[in-house]
Amino acid sequence: MTTTTTSKIRYGYAAGPAQVAALVVAILFILLGIAGFIPGITTNLGSIRFAGPDSDAMIFGLFQTAVLRNALYLLIGLAGLGAAGKRLNSTLYIAGAGMLMMTLWLYGILFGNSDFGGNIFPSNLNDYALDFCVGLGLLILALSTSQLALFGSDYEE
């Protein structure tokens with residue numbers, strides 16, 4: 001008797017570890033982007049700025065935000081929804097999002113809340129920690145899901 005391997009498809013997305021991880025990461029980024037525009041979740045929402053270090057809006061009262069930062073989170077999330085259909089795209093998305101978050105961390109460390117003309121993202125110490133931890137976590141997740149895909153997966157694309 002022979003058995004056949006079939007793709008595990010759920011709602012248009014393959015159910016492999018990389019795709020599931022990309023989908024979860026995408027949804028979390030979308031939720032974070034939306035949270036930046038909701039009164040109560042974001043304090044001082046009336047003083048939110050489009051960009052720059054002078055925005056006083058704070059997500060959960062901890063993370064300084066601006067319209068541009070929220071829009072970036074939404075775009076990262078939407079990109080993840082698009083990437084979650086294929087294993088390679090999912091892994092590249094997670095790694096790319098991780099590198100982007102590490103870039104935001106480095107940008108914050110270098111420019112902080114200075115009045116430098118190129119400073120477009122408001123940030124505080126909590127933002128630095130969040131950007132670093134999320135970036136590092138995503139890079140580790142990308143590495144681990146790519147290893148699962150190479151060495152232990154029994155699903156097809």
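Buried denotes under 20% relative accessible area, exposed over 50%, and partly exposed the range in between, computed with a 1.4 Å probe on protein chains only. The views below show a predicted model, in which local features need pLDDT of at least 70, side-chain atom pairs count only at pLDDT 80 or more, and totals for chains, interfaces and linings use all residues. Residues are numbered from 1 along each chain as its sequence is written, and side-chain values use heavy atoms, with hydrogens and water left out.

**View 1. Overview of the protein, with 4 helices and 5 strands.** Helices (H or I, at least four residues) and strands (E, at least two) are DSSP runs numbered from the N terminus. Along the sequence, these elements follow the pattern β-β-α-β-β-β-α-α-α. The protein has 157 residues, of which 40% count as buried. Taking contact as heavy atoms within 4.5 Å, residues 24 or more positions apart account for 62% of the contacts with a separation of 6 or more.

**View 2. The loop between α1 and β3, with P39.** P39 counts as exposed, at 63% relative accessibility. Its C-alpha atom is separated by 9.8 Å from that of A57, a residue 18 positions away along the chain.

**View 3. An open sheet of 3 strands in the order β3-β4-β5.** The pairing is antiparallel; two strands pair if DSSP finds at least two bridges between them. Strands β3 (42-43) and β5 (63-64) stand at the edges, each with a single partner strand, so one side of each has no neighbour in the sheet. Strand β4 (residues 58-59) is joined to β5 by 2 bridges. Across this pair, I59 stands opposite F63 in β5.

**View 4. Packing of helix α1 (residues 17-35) on helix α3 (residues 87-111).** Two packed helices are described by the angle between their axes and the distance between the axes. Axes are lines fitted to C-alpha atoms, for helices over the stretch in contact, and angles run from 0 to 180 degrees between N-to-C directions. Helices α1 and α3 pack at an angle of about 40°, with their axes 8 Å apart. That angle makes α1 oblique to α3; angles under 35 degrees count as roughly parallel, over 145 as roughly antiparallel, 65 to 115 as roughly perpendicular and the rest as oblique. From α1, A18, Q19, A21, A22, V25, A26 and F29 meet R87, S90, T91, Y93, I94, A97 and M101 of α3. By class, this contact of α1 with α3 has 10 nonpolar, 3 polar and 1 charged residues. Here Ala, Val, Leu, Ile, Met, Phe, Trp, Tyr, Cys and Pro count as nonpolar, Asp, Glu, Lys and Arg as charged, and the others, Gly among them, as polar.

**View 5. Packing of helix α2 (residues 67-83) on α3.** The two axes are 9 Å apart, at an angle of about 165°. Helices α2 and α3 are therefore roughly antiparallel to each other. L72, Y73, I76, G77, A79, G80 and A83 of α2 make the contact with N89, S90, Y93, A97, L100, M101 and L104 of α3. The contact of α2 with α3 has 10 nonpolar, 4 polar and no charged residues.

**View 6. S90 in helix α3.** S90 has a relative accessible area of 0% and is buried. Not counting residues up to four places away in sequence, S90 touches A18, Q19, A22, A83, A84 and G85.
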